[in-house]
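Visitor: Before we look at any detail, could you show me how to read a model like this one, feature by feature?

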Amino acid sequence: MDKTTEYIWLYRDKDKTSFFRDLVSEKNHFFICLPAYKAVKTKAGRYWEKLMLGNRFRKMIPEKLRARRYNIGNYEYLEDKTYVVLMGTQVVAHYSTSYLLMFKKEHPNVKLYAIACDSMHASSSHMDHVRDKLLSGVFDKVLTYDRFDAEEYGFTWFGYSYYSEMPYEITDRQPYDAYFVGIDKGNRGKTISSLYSFLVKNNVNVCFDVPRPKKNAQEDFPYIKKGIPYSEVLGKVNCTNTLIEILQSGQQSQSLRYFEAVKFNKKLLTNNRHLSELPYYDERYMRFFETEDDIDIEWVKKVEEIDYGYKGEFSPLHLEQFLKSIEDDHE
């Protein structure tokens, strides 16, 4: 670690299900890990924390009460060092801009970096709590996985270092020709239902895990009651021949399906028109579609031996080199 700069990862719930979980593992020898919230020991405290951190009641809880749970100020920041505190947008969503501004005023030797791992164009409640903060100027840098968001908003693109390997469970050992998992949000609902019908009509053994939306549900689509744990998603990925990726309206960068395809050596069928620009792209096993006429059904169903030769390059542990290069540029 640099003698004058220390890097702190501000995490939530030990990031057990986060794609940055490598940073809170024994593999990490670079980042100091600091919990974003103070420890809760009582049952009542845990209940209060759930209310405070949940999207439903967050705006109803006064900022002064929420600030009592923040833990970023409890670290011992030494005056003769520079600190870079990184926080993912799951943490950014809960920390108020006013609190972070006050924290920076009290600690002028601390830089705040936000890491955005969802598109600024994403139709999600999570991003609704984050967008304005990322654009507020409170962060010294906003790092993003989306190079197109970086260009549009002046963020810093940090590449592909945000996918940790995670344990998974196989609850359904039935092999699928194709698998899609995602939320019917934005304008992609009709695309999802139309593609499902097209594949079924062509005798493709498919599994689509899509929770039923509160409104604008498509008729005759087999929605599931609620979202499934990511460990279960990976279990189905492992049993699938071809993964389907449907980006949200306005999104131009890859989703998790791309990383899963590379990690699990699966085919990828995607509407990401920038597919060929990605590392590990292989035209034999990754294909772009714009309309259903672009889809080769036999290719989707054909079982092939695939080996992308992945060696862990997507791990967030590689952020070490990236962050050091940023600081070197400032010297």
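Guide: What follows takes up the sheet, then the nonpolar cores, and then a single serine. Please keep in mind throughout that this is a predicted model.

Visitor: In what order do the strands of the open sheet run, and is the pairing parallel or antiparallel?

Guide: To read a sheet, one follows which strands pair with each other, since strands count as paired if there are at least two bridges between them. Here six strands form an open sheet in the order β2-β1-β3-β4-β5-β6, with parallel pairing, and its edges are β2 (32-35) and β6 (156-157), each of which pairs on one side only. Strand β1 (residues 5-11) is joined to β2 by four bridges in the parallel sense, and Leu-10 stands opposite Leu-34 in β2.

Visitor: Which residues touch the most other members of the largest nonpolar core?

Guide: A nonpolar core is read through its side-chain contacts among buried residues. The largest one has 45 residues, of which Phe-31, Leu-86 and Leu-323 touch the most other members; α10 (256-264) is among the elements that each supply at least two residues, and α10 gives the most, with six. Leaving aside residues up to four places away in sequence, Leu-323 touches Tyr-7, Phe-31, Leu-86, Tyr-113 and Leu-143. A second, separate core of 32 residues includes Leu-34 and Tyr-77.

Visitor: Where is Ser-136 found, and why is Ser-136 called partly exposed?

Guide: Ser-136 is found in the loop between α6 (131-134) and β5 (141-144). Ser-136 is called partly exposed because its relative accessible area is 38%, which falls between the cut-offs of 20% and 50%. A polar atom of the Ser-136 side chain lies 2.7 Å from the backbone oxygen of Lys-133.

Technical notes: Residues are numbered from 1 along each chain as its sequence is written. This is a predicted model: local features need pLDDT of at least 70, side-chain atom pairs count only at pLDDT 80 or more; totals for chains, interfaces and linings use all residues. Side-chain values use heavy atoms; hydrogens and water are left out. Buried means under 20% relative accessible area, exposed over 50%, partly exposed in between (1.4 Å probe, protein chains only). A polar contact is a pair of N or O atoms within 3.5 Å; within protein, one must be able to donate a hydrogen and the other to accept it, and residues adjacent in sequence count only if both atoms are side-chain atoms. A nonpolar core is a set of buried Ala, Val, Leu, Ile, Met, Phe, Trp, Tyr and Cys residues joined through side-chain atoms within 4.5 Å. Contact means heavy atoms within 4.5 Å.
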